Protein chains: 2
Amino acid sequence: MLPEPIQQSIDLFARLPGIGPKTAARLVFFLLRSRESGLSEKLAEALSDLMEKTATCPVCFNMMSAGREQCSICSDPQRDREVICVVEEPLDVPALERTSGYQGLYHVLQGALSPVEGITPDDLKIKELLDRVRGGEVKEVILATNPSMEGDATGMYLQQQLSGFDLKVTRLARGLPMGGDLEYADQNTLLRALMGRQELE
Amino acid sequence: MLPEPIQQSIDLFARLPGIGPKTAARLVFFLLRSRESGLSEKLAEALSDLMEKTATCPVCFNMMSAGREQCSICSDPQRDREVICVVEEPLDVPALERTSGYQGLYHVLQGALSPVEGITPDDLKIKELLDRVRGGEVKEVILATNPSMEGDATGMYLQQQLSGFDLKVTRLARGLPMGGDLEYADQNTLLRALMGRQELE
């Protein structure tokens, strides 16, 4: 019933996660209404560049601009090459970078173990992590997988795999989030905060 | 921190209504992950077609494929040319068409009166509606603006403007939505349902 180019855009938007057909239609008609802004054309260009001009870093599997040999972090001589922080997704890297509290390298697993979704160790960049560690330069691996069931299972699996190497394996601390309210903390978070309580000096 | 083409796509997605920077980042990384599906390229093509291959019907101001003289409804000889249904947005047309209960023509105002947003009668396709009515063929105008403050104000304004013509002006019925529960109907809806109660024969 709608003109073909409109229906086509709606159908494609609706394939994105969290966007149903109604939201998709709203987005497309927003673009049609703001014709003068050129937003639709700009988005079209950006999305076509998105695949052409990006690639995966062959060392840490983070995203990088196409044509580089390594991503900007792996190729930065200022970074501490003795520490590798292991994360699930590329988006976890900017989250950690924003803390300005980490100077080491990263390793992006590209997912987490999940028997439900059929994701096994072979689907993740685990072999590649072990290869990096085998290089001998690494002194510490920080497991920064998500504090979820899948993330914890992945962390435990990595801990086992790394146990044969002469290095420190650490995990991000669990506890109360900053700015939170004890009363509203969920049971699991509070239990972890209790178990991990720290002595004050 | 993110490669330029990724940041660019995130920034543009975040300009769409209801999509913040975090959701935008999630959408872009979803596209990057599903590289093999070609979804990003398809969306890029669809969005570039969206503006090139669509236009506004010069009669009813609904969306149509570019290159046509009139939209598929205005040019359909089967439609009843004596009734015009006035709606706010192009998306309202497929909603009414899905009911299969209307055989007349449409007129898309492209918005509703809103003093708050500074939208006056001159910003809407009201003059064009009056020109169509002036043609003399029209016997009924159905006001199908939204049941909101702006929609009602627009309907009232149109009613005034149309009062000088020899035609019937009607409005979509207000009342309880089908499948609804009286207990959960809001006060205004229930009041309208009471006021508009119908005698059974």
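A polar contact here is a pair of N or O atoms within 3.5 Å; within protein, one must be able to donate a hydrogen and the other to accept it, and residues adjacent in sequence count only if both atoms are side-chain atoms. By that rule, chain B and chain A share eight residue pairs in polar contact, both residues at pLDDT 80 or more. This is a predicted model, where local features need pLDDT of at least 70, side-chain atom pairs count only at pLDDT 80 or more, and totals for chains, interfaces and linings use all residues. Residues are numbered from 1 along each chain as its sequence is written, chains are lettered from A and ligands numbered from 1 in the order in which they are written, and side-chain values use heavy atoms, with hydrogens and water left out.

Counting contact as heavy atoms within 4.5 Å, 48 residues of chain B and 49 residues of chain A take part. Together the chains bury about 4600 Å², 79% of it on carbon and sulfur atoms; buried area is the accessible area (1.4 Å probe) that two parts lose on being put together, summed over both. On chain B, the most area is lost to chain A by Met1(B), Leu47(B) and Met51(B), together 14% of what that side buries.

There are also two salt bridges across the interface, meaning a side-chain nitrogen of Lys or Arg within 4 Å of a carboxyl oxygen of Asp or Glu. Glu89(B) and Arg33(A) form a salt bridge through their side chains, at 3.6 Å, N to O.

Now for how the copies are arranged. Rotating chain B by 180 degrees, with 0.0 Å of shift along the axis, superposes it on chain A with an RMSD of 0.0 Å (by least squares on the C-alpha atoms of residues with pLDDT of at least 70 in both). That is the relation of a two-fold axis. In chain B, the C-alpha nearest the axis belongs to Ala44(B), 2.0 Å away from it. Both copies use the same surface: 100% of the contact residues of chain B recur in chain A.

Finally, a look at one residue of chain A. Leaving aside neighbours within four places in sequence, Arg192(A) is in contact with Asp152(A), Arg171(A) and Arg174(A). Arg192(A) and Gly175(A) are 17 residues apart in sequence, yet 5.7 Å apart in space, C-alpha to C-alpha.
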